[in-house]
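Thanks for coming, everyone. Let me put the structure up, and then we will walk through the ligand site and the sheets.

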Amino acid sequence: MKTIIEPFRIKSVEPIHFNDEKYRSQALSEAYYNTFLLHSDDVMIDLLTDSGTSAMSSAQWAGIMIGDESYAGSPSFYRFEKSVQDITGMEIVIPTHQGRAAEKILFSITGGKGKVFISNTLFDTTRANIEFSGAEGIDMVCEEGKKPTIPAPFKGNLDTTALRNYIEQNGSDHIAMVIITVTNNSGGGQPVSMANIRETHQICKEYNVPLYIDACRFSENAYFIKLREKGYENKSIIEIVNEMFSYAQGATMSAKKDAFANIGGFLALRNKDLATKCRNLLIITEGFPTYGGLAGRDLEAIAIGLKEVMDEHYLQYRIRSIEYITQKLSDAGVPVMLPAGGHAVYLDAKQFLSHIPVEQYPGQALVCALYLKGGIRCVEIGSLMFGKYDVKHQLVPASLELVRLAIPRRVYTQSHIDYVSEVIIEVYNDRHQIKGLEIIEEAPILRHFTAKLRQL
Ligand code: F0G
């Protein structure tokens with residue numbers, strides 16, 4: 001097979017600011033070993049997130065110019081609405097400024113004390129919005145999804161046996177909804193199979209529980225179904241996407257991922273009464289229902305991006321580029337999550353830096369080492385992000401110590417990716433010199449964004 005090429009040409013470029021290890025060492029210490037506190041000009045390859053960091057196409061930029069900024073009834077809204085309807089098959093489309101705004105509106109109405117939201121895995125802001133409403137979030141990912149280095153085709157699946165058992169033991173009246181996150185971001189960007197979505201739908205229908213899809217990476221998930229699930233190999237992406245959404249009563253989406261937009265999101269629904277309540281809240285918090293916190297030009301960019309993301313040449317390149325780097329690392333003995341997910345490479349920091357105890361944040365130490373060695377920025381998904389303290393102020397560590405290198409869409413080329421893998425392998429070969437960290441200042445919630453640390 002020939003090399004899979006980037007399915008685009010580059011018309012406009014942004015410079016990378018080069019710096020050396022000495023400079024980065026100073027920058028890192030000034031940022032208190034927290035890469036969120038770095039100036040992004042000091043980062044050479046930024047893999048902090050794939051959210052809002054995509055390169056837009058020339059068609060999207062052209063759309064920006066025809067964006068209509070009317071307060072009400074803008075034609076850009078109607079193009080946006082049509083794009084979302086074509087994908088989801090859901091009639092009601094409510095624009096929001098990003099994914100978490102759609103979640104906040106939906107959960108404020110459906111959540112509250114005593115309610116429960118069940119998911120394969122809730123993303124951290126999704127969980128935070130559920131808990132903020134007073135409700136509880138429960139993750140029920142399948143067993144394979146809990147084992148980072150053991151490959152399986154659909155590690156993002158929801159554990160349907162656990163769901164059924166939970167309902168049989170606790171009833172279903174208090175379950176606000178089941179949410180399937182595609183792909184499963186916090187679980188390694190792993191896909192969910194159509195069979196699993198269908199089965200979850202059947203259980204939900206049986207017990208009268210609404211099923212929602214957290215659709216941030218819907219197209220990447222559909223491509224995995226096409227590649228890995230029997231019966232889908234000859235279906236088009238739009239057919240697969242339509243079937244995925246056909247099982248759900250609603251969807252929330254961050255257009256900052258699989259819509260190639262720098263900002264935006266939406267809530268799609270079938271239930272008119274619920275939609276009326278959501279729109280009322282939208283008007284207070286986001287804006288009028290035909291713009292919902294977005295400019296007409298953003299609506300236009302999203303409408304176009306949602307179609308572009310289902311192009312199979314793009315998806316082949318996208319999924320292959322993540323697989324390519326994962327393979328290179330795995331071949332060099334680096335402990336990576338297997339198989340490759342849809343949008344990011346996840347390193348197993350507990351194994352990578354086995355000499356650093358979890359109390360010294362091996363994930364964050366690895367994040368710092370990658371910045372120092374190669375100017376690469378990524379994020380810890382481990383005890384700095386999810387760790388809690390017990391009554392004696394001892395750390396209760398997270399279940400996994402991962403480092404996520406999220407690949408922005410259409411931004412970096414193969415040589416950037418080669419460079420990243422070279423840096424990781426070099427750091428791996430010198431790993432014994434890396435030291436642990438301690439926290440010297442932290443906020444009571446979501447501490448990873450602002451914590452200050454010190455090298456031990
Ligand atoms: N759901 C999932 C699965 C996400 O990955 C995100 C964002 C959101 C919801 C919230 O969307 O940022 O538009 O409000 N994930 C980003 C990330 C931030 O880096 O993974 P948002």
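**The ligand site**

Of the 18 residues around the ligand, Thr49, Arg100, Asp214, Ser254 and Lys257 come nearest. A residue counts as near a molecule if one of its heavy atoms lies within 4 Å of it.

Before going on, a caution: this is a predicted model, where local features need pLDDT of at least 70 and side-chain atom pairs count only at pLDDT 80 or more, while totals for chains, interfaces and linings use all residues. Residues are numbered from 1 along each chain as its sequence is written, and side-chain values use heavy atoms, with hydrogens and water left out.

Now the polar contacts, meaning pairs of N or O atoms within 3.5 Å. A nitrogen atom of the ligand sits 2.7 Å from a side-chain N or O atom of Asp214. Asn185 has a side-chain N or O atom 2.8 Å from a ligand oxygen. For Gln98, a polar side-chain atom is 2.9 Å from an oxygen atom of the ligand. How much of the ligand does the protein bury? Alone, the ligand exposes 470 Å², and the protein buries 93% of that. Those areas come from the Shrake-Rupley method with a 1.4 Å probe.

What is the shell made of? The count is 2 nonpolar, 9 polar and 7 charged residues. Here Ala, Val, Leu, Ile, Met, Phe, Trp, Tyr, Cys and Pro are nonpolar, Asp, Glu, Lys and Arg are charged, and the others, Gly among them, are polar. Helix H4 (99-110) and H5 each supply at least two shell residues. The largest share, 3 residues, comes from H4. Helices (H or I, at least four residues) and strands (E, at least two) are DSSP runs, numbered from the N terminus.

**The seven-stranded sheet**

Next slide. An open, mixed sheet of 7 strands runs E2-E8-E7-E6-E5-E3-E4. Strands pair if DSSP finds at least two bridges between them. At the edges are E2 (92-96) and E4 (136-139), each pairing on one side only. Twist averages 20° from one strand to the next. E2 pairs antiparallel with E8 (residues 265-269) over 5 bridges. Within that pair, Pro95 has Phe266 as its bridge partner.

**The three-stranded sheet**

Last one. This open sheet has 3 strands in the order E9-E14-E11, with antiparallel pairing. Its edge strands are E9 (344-348) and E11 (379-381). Here the twist averages 30° from strand to strand. E11 and E14 (residues 402-406) are joined by 3 bridges. Val379 has Arg404 as its bridge partner in E14.

How values were computed: Axes fitted to C-alpha atoms, helices over the stretch in contact; angles between N-to-C directions. Polar contact = N/O pair within 3.5 Å; in protein donor to acceptor, adjacent residues only side chain to side chain.
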